[in-house]
There are 2 protein chains.
Amino acid sequence: MPMNDLFLRAARLEPTERTPIWMMRQAGRYMAEYRAIREKHGFLEMCRTPELAVEVTLQPVDLIGVDAAILFSDILVVFDGMGLDLEFAKGEGPVIHNPVRTVADVERLTVSDPLEHTGYVMEAIRILRRELENKVPLIGFAGAPFTLASYAIEGHGTRDYEKCKALMWTEPAAWDLLMTKFADTVIAYLCAQIDAGAQAVQLFDSWVGYVAPRDYERFVLPHSKRVLAEVKAHGDKVVEGGVPVIHFANGATSMIDLVQQAGGDIVGVDWRLDMRKAVELIDPRFGIQGNIDPVALFGPDDEIERQVIEILEAVGTRPGHIFNLGHGIHKTTDPEKARTLVRLVHEHSSRIRAEA
Amino acid sequence: MPMNDLFLRAARLEPTERTPIWMMRQAGRYMAEYRAIREKHGFLEMCRTPELAVEVTLQPVDLIGVDAAILFSDILVVFDGMGLDLEFAKGEGPVIHNPVRTVADVERLTVSDPLEHTGYVMEAIRILRRELENKVPLIGFAGAPFTLASYAIEGHGTRDYEKCKALMWTEPAAWDLLMTKFADTVIAYLCAQIDAGAQAVQLFDSWVGYVAPRDYERFVLPHSKRVLAEVKAHGDKVVEGGVPVIHFANGATSMIDLVQQAGGDIVGVDWRLDMRKAVELIDPRFGIQGNIDPVALFGPDDEIERQVIEILEAVGTRPGHIFNLGHGIHKTTDPEKARTLVRLVHEHSSRIRAEA
């Protein structure tokens with residue numbers, strides 16, 4: 001067990017003396033130390049070079065004081081082994097040069113082999129476990145099948161999902177095959193991360209908030225459910241006490257009832273859902289991760305403090321709370337504000353526990 | 001009363017023989033007839049020239065077969081009278097050259113006079129009422145105070161709202177003054193639209209879905225509530241039977257309990273909330289507008305039909321349903337699909353009524 005095992009205990013719904021906190025995208029552009037490395041290296045190069053991925057993963061642990069490290073990587077690196085030609089074009093985000101548009105395109109995709117195609121991720125995890133010396137636990141992650149499929153089909157980031165949904169509705173068998181290939185890839189990828197030493201994993205369904213609940217239920221949920229169940233079973237098999245699995249479906253709080261049906265141990269919640277309602281709507285067998293507005297870090301300290309207290313008081317004595325932003329930290333955030341958030345969560349959660 | 005008064009009767013929660021439908025952005029780029037005019041004129045020029053606004057407003061009435069016309073305009077035209085220098089830069093959307101950043105900026109803003117500054121909108125409404133010859137009712141609209149404030153502060157469209165929320169939290173008094181000025185402007189603007197002949201009005205809070213519920217309640221709701229109440233009171237005073245007021249808070253279905261506290265007659269719902277849940281969560285004193293996924297129009301006809309039936313059956317015999325997309329129609333939509341949607345809503349809602 002790591003010396004600071006707050007995150008792992010909370011993730012297992014065990015009592016903790018204070019609430020653990022980490023931040024989505026905590027290893028990222030808001031830190032000068034990250035930008036100094038990014039200036040010299042391409043984004044995918046950083047993902048694919050274990051030493052660079054390790055270096056930026058470690059930066060926020062000491063500098064921001066978070067209770068968990070999360071591997072620096074990108075959800076799209078699994079495309080390498082699937083026959084999808086990925087590039088991060090300067091200033092444009094990810095571009096897939098041979099997007100999936102037809103049934104034949106779906107059929108030609110292969111399931112990625114995590115050791116052969118993304119071995120650099122496993123190497124980064126192994127180095128990180130050594131370098132972290134159990135100071136805090138290490139979280140691995142992957143994109144969820146829907147989010148991966150949406151990039152593969154659209155060929156780039158979008159807010160429309162016209163091609164993606166059209167394929168889903170027009171060719172449901174091809175859609176299911178595509179989602180099955182992504183699910184198989186993600187299962188193997190996350191299991192390999194666990195084997196390499198990841199002490200928890202998060203499944204990011206970053207764009208599923210654009211899907212209507214009826215479509216989520218039919219076209220997405222079964223695949224996410226299989227991923228979460230198989231990864232959890234693998235963790236139970238290879239690690240004493242299991243490996244906590246976090247499921248974050250961004251923008252999907254209007255269908256949080258369906259999202260939690262997908263399983264996992266911890267349900268991630270964005271800032272659109274009041275935490276009092278999240279506590280009501282999410283089954284007590286799940287932990288809850290979230291959910292301060294990432295933009296709160298652009299407010300004054302007393303405002304951050306008010307919001308921290310509201311969220312902590314809404315959770316109350318319910319076990320399994322992991323504090324996080326409701327989405328990734330914005331790139332223009334002042335790192336001092338991130339440190340302030342960590343301090344406030346620690347202070348007030350300790351106080352609330354002491355008073356309870 | 002117009003010959004096709006389905007929309008108005010539904011908006012007043014009266015029984016109708018079938019469900020009325022219109023589409024957000026129904027006068028828009030997906031229609032070749034619109035593009036033909038847009039090619040020759042700037043976007044703001046179209047908003048400010050009554051004859052052009054009238055022409056594109058009328059296009060979908062006959063060509064798509066909707067049960068209501070909605071004035072072609074833009075929510076930002078009220079900036080003209082407020083001292084905000086608005087431009088629609090080619091391919092970039094709206095830009096405000098002198099954004100609101102300080103308390104002094106808030107203080108210098110003036111409340112727009114609808115007759116002096118946006119008289120062209122009232123003129124378009126008067127012409128439209130003549131040209132429509134009561135074929136279908138005419139809907140007017142305005143942006144809600146939050147959405148207007150967010151453009152004024154950020155200076156352009158955004159997904160971040162860092163400056164907007166920072167002002168809200170750091171200078172709450174200036175924020176309230178700003179929201180009050182926008183609310184006053186919108187109240188006068190919508191009342192003038194009613195005086196000019198708008199038979200219903202919609203308040204668009206297009207970007208409020210990025211606001212956390214706690215901030216909505218404190219910083220947004222009181223202002224939207226005042227707008228909706230004062231506009232409704234004006235409609236009650238000047239039109240026999242009143243003027244229906246629709247409130248659409250896009251992306252805000254996780255806090256639909258708060259949104260409906262703002263009032264109005266009809267609550268607009270985006271496609272992220274299952275209509276069965278909307279019917280449960282929205283007080284029966286409100287009508288409901290929505291909520292098919294706009295991307296459904298990129299699916300095959302039998303898929304559109306399934307989704308239409310699901311929504312109509314979810315609403316069942318509850319009065320006050322106005323069918324609409326869950327957000328604006330996408331610009332690459334095939335107009336034939338829009339016609340199909342209208343036909344399917346008419347067919348199935350007639351059948352369901354007949355079977356009930």
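Biologist: Hi! How many helices and strands does chain A have?

Modeller: In this predicted model, chain A has 15 helices and nine strands.

Biologist: And how compact is chain A for its length?

Modeller: The radius of gyration of chain A is 19 Å, close to the 21 Å from the globule rule for 356 residues, so chain A is as compact as a globular protein of that length. Its C-alpha trace spans about 60 × 45 × 40 Å along the principal axes.

Biologist: What share of chain A is buried?

Modeller: Buried residues are 54% of the 356 in chain A. As for contacts in chain A with a separation of 6 or more, 73% of them come from residues 24 or more positions apart.

Biologist: Nice. Switching to the pair of chains: what rotation puts chain B on chain A?

Modeller: A rotation of 180°, with 0.0 Å of shift along its axis, superposes chain B on chain A with an RMSD of 0.0 Å. That is the relation of a two-fold axis.

Biologist: Which residue of chain B comes closest to the rotation axis?

Modeller: That would be B:Ser254, with its C-alpha at 2.5 Å from the axis.

Biologist: How many residues are in contact between the chains?

Modeller: There are 27 residues of chain B in contact with 27 residues of chain A. On the side of chain B that touches chain A, H9, H11 and H14 (301–315) of chain B each supply at least two residues. H9(B) gives the largest share of that side, five residues.

Biologist: Why do you say the copies meet through the same surface?

Modeller: Because 100% of the interface residues of chain B are also interface residues in chain A.

Biologist: Back to H9(B), then. Which of its residues are buried?

Modeller: In H9 of chain B, residues 162–170, the buried ones are B:Cys164, B:Lys165, B:Leu167, B:Met168 and B:Trp169.

Biologist: What about B:Gly290 and B:Asn291?

Modeller: A cis peptide bond joins those two residues as well, with omega about 0°. The place of B:Asn291 is the loop between strand S8 (287–289) and H14 of chain B.

Biologist: What is the phi of A:Leu13?

Modeller: A:Leu13 has a positive phi of about 60°, although it is not a glycine. For context, most residues other than glycine have a negative phi. A:Leu13 is in the loop between helix H1 (6–11) and helix H2 (32–38) of chain A.

Biologist: Last one: how do S2 and S3 of chain B run?

Modeller: Strand S2 (residues 86–89) and strand S3 (residues 93–96) of chain B run antiparallel, joined by four bridges. B:Phe88 stands opposite B:Pro94 in S3(B). The hairpin has three residues between the strands, and there B:Gly91 takes a positive phi near 75°.

Technical notes
Residues are numbered from 1 along each chain as its sequence is written. Chains are lettered from A and ligands numbered from 1 in the order in which they are written. This is a predicted model: local features need pLDDT of at least 70, side-chain atom pairs count only at pLDDT 80 or more; totals for chains, interfaces and linings use all residues. A residue is buried if 20 or more other C-beta atoms lie within 10 Å of its own, exposed if 12 or fewer, and partly exposed in between; C-beta atoms are placed from the backbone. Copies are superposed by least squares on the C-alpha atoms of residues with pLDDT of at least 70 in both. Two residues are in contact if their C-beta atoms, placed from the backbone, lie within 7 Å. Two strands pair if DSSP finds at least two bridges between them. The radius of gyration is taken over C-alpha atoms; the globule rule is 2.2 Å times the number of residues to the power 0.38.
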